[in-house]
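These are my notebook entries on a single structure. I record what I looked up, entry by entry.

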Amino acid sequence: VHNHKDDPILIGNIIDNLADFAFEHFSDEEALFKQHGYPGANQQHQSHTRFAAKVAQLQKRLKAGDTSVIQGLDTFLSEWLTGHILEEDMQYKSFFESRGIL
């Protein structure tokens, strides 16, 4: 029985799609920060850069045949969701709400 969650090609495609989505989101988000003068823009940019570097590292390792990245992928993504999206991104919510943007 083939377990799809351990398929390096499938996981590689998922990581590639995640990277495309995240980078487009980061670009849109950072454009809003710049347009509205969000004071935490630099901190957000640094967080986005760290995420991009980690994703690039995962892509490189997987393409080189290192399937061990699959085991840590769910932890990495859940930490990103809770640490960045649910905590860091929520910090700018009130800033934009006060300006009628959200």
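**Entry 1**

I took buried to mean under 20% relative accessible area, exposed over 50%, and partly exposed in between, with a 1.4 Å probe and protein chains only. The model is predicted, so I note that local features need pLDDT of at least 70 and side-chain atom pairs count only at pLDDT 80 or more, while totals for chains, interfaces and linings use all residues. Residues are numbered from 1 along each chain as its sequence is written, and side-chain values use heavy atoms, with hydrogens and water left out.

R61 lies in helix α2. I used helices as DSSP runs (H or I, at least four residues), numbered from the N terminus. I then listed the contacts of R61, leaving aside its neighbours within four places in sequence, and found D66, S68 and V69. Contact here means heavy atoms within 4.5 Å.

With D66, R61 forms a salt bridge, in which the closest N and O atoms are 2.9 Å apart. The rule requires a side-chain nitrogen of Lys or Arg within 4 Å of a carboxyl oxygen of Asp or Glu. D66 is partly exposed as well, with a relative accessible area of 26%.

**Entry 2: The other salt bridge**

How many salt bridges does the rule give? I noted a count of 2. E97 and K93 also meet through their side chains, at 4.0 Å from N to O. These two are 4 residues apart in helix α3, which means that about one helical turn separates them. An α-helix has 3.6 residues a turn, so residues three or four places apart point the same way. I recorded E97 as partly exposed at 42% relative accessibility, and K93 as partly exposed at 36%.

**Entry 3: Helix α2**

I checked the length of α2, which has 23 residues and reaches 33 Å from its first C-alpha to its last, close to the 33 Å expected at 1.5 Å a residue. The expected span is 1.5 Å times one less than the number of residues. Its buried residues include Q44, H48, F51, V55 and L62, and the buried residues of α2 pack against α1 and α3.

Is Q59 buried or exposed? I found Q59 buried, with a relative accessible area of 18%. Leaving aside neighbours within four places in sequence, Q59 is in contact with I15, D16 and A19. After α2 comes G65, with a positive phi near 95°.

**Entry 4: Helix α1**

I applied the same length check to α1 (residues 8–36): its 29 residues should span 42 Å, and its end C-alpha atoms are 41 Å apart, which agrees. Among its buried residues are I11, I15, A19, F26, E29 and F33. I asked what covers the buried residues of α1 and found that the cover includes α2 (41–63) and α3 (69–97).

At the start of α1, a side-chain oxygen of D7 comes to within 2.9 Å of the backbone nitrogen of I9. Just after α1, G37 takes a positive phi of about 65°.

**Entry 5: A nonpolar patch**

Lastly, I noted that L81, I85 and L86 make a nonpolar surface patch of about 270 Å². Patch residues have over 30% relative accessible area and no salt bridge; nonpolar side chains (Val, Leu, Ile, Met, Phe, Trp, Tyr) are joined within 5 Å, and like charges within 9 Å. L86 is found in helix α3 and is exposed, with a relative accessible area of 55%.

Note on methods: A polar contact is a pair of N or O atoms within 3.5 Å; within protein, one must be able to donate a hydrogen and the other to accept it, and residues adjacent in sequence count only if both atoms are side-chain atoms. Accessible areas come from the Shrake-Rupley method with a 1.4 Å probe; for residues, only the protein chains shown count as cover.
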